[in-house]
Amino acid sequence: MNEEDNVINELLGEIAGLITQYPKALERRAAQIQTTGKDPELVEKLVKAADTMRDSGNLYLTWAKHYAALAEGNTDASSDEDETEDFDV
C-alpha cells in the first residue's frame, strides 16, 4: 500500500466518523428542544432529518468504500453485500 492509499483510507475513516456523528448530533439537539417544550414541529423535522442524513450517509459511504477499493487496485470492488449494519441502520 502506498502513501496515497493510506491518505484515502484515513480520509474515508474521517468521513465515516463525521457521517455517523452528524445524525446523532441532530437527534441530541431535537431532544434538547423537546425538553424545553418550545417547538414540537422543529423536533419532528430534526428527527426526520437525522434519519434522512443517516440513510444518505450510508449510501455515500458505500460508494466511498467502493472508490477507495478501486484506488487500491481492487478491480473487483463491487459487492452485493448489505453494509447497512456498518452504519447503525
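Guide: The buried residues of α2 pack against α1, where packing rests on contact, meaning heavy atoms within 4.5 Å. Buried means under 20% relative accessible area, exposed over 50%, and partly exposed in between, using a 1.4 Å probe and protein chains only. Helices are DSSP runs (H or I, at least four residues), numbered from the N terminus. This is a predicted model, in which local features need pLDDT of at least 70 and side-chain atom pairs count only at pLDDT 80 or more, while totals for chains, interfaces and linings use all residues. Residues are numbered from 1 along each chain as its sequence is written, and side-chain values use heavy atoms, with hydrogens and water left out.

Let us start with the helix itself. α2 has 32 residues and reaches 46 Å from its first C-alpha to its last, close to the 46 Å expected; that expected span is 1.5 Å times one less than the number of residues. Among its buried residues are Val43, Leu46, Ala50, Arg54 and Leu61.

Some of these belong to the largest nonpolar core, whose six residues are Leu26, Ala30, Ile33, Val43, Leu46 and Ala50. Both α1 (3-36) and α2 (40-71) supply at least two residues of this core. A nonpolar core is a set of buried Ala, Val, Leu, Ile, Met, Phe, Trp, Tyr and Cys residues joined through side-chain atoms within 4.5 Å. Leucine 46 touches Leu26, Arg29, Ala30 and Ile33, leaving aside residues up to four places away in sequence.

Now for the charges. Side chains of opposite charge can pair when their charged atoms come close. A salt bridge is a side-chain nitrogen of Lys or Arg within 4 Å of a carboxyl oxygen of Asp or Glu, and the whole structure has three. In one of them, glutamate 27 pairs with arginine 54, with the closest N and O atoms 3.0 Å apart. This pair links distant parts of the chain, as glutamate 27 lies in helix α1 and arginine 54 in helix α2, 27 residues apart. Arginine 54 counts as buried because its relative accessibility is 16%, whereas glutamate 27, at 30%, counts as partly exposed.

Arginine 54 also meets aspartate 51 in a salt bridge (3.3 Å, N to O). Shared partners join Glu27, Asp51 and Arg54 into one network. Because they are three residues apart in helix α2, arginine 54 and aspartate 51 are separated by about one helical turn.

Finally, α2 is followed by glycine 73, whose phi is positive, near 95°.
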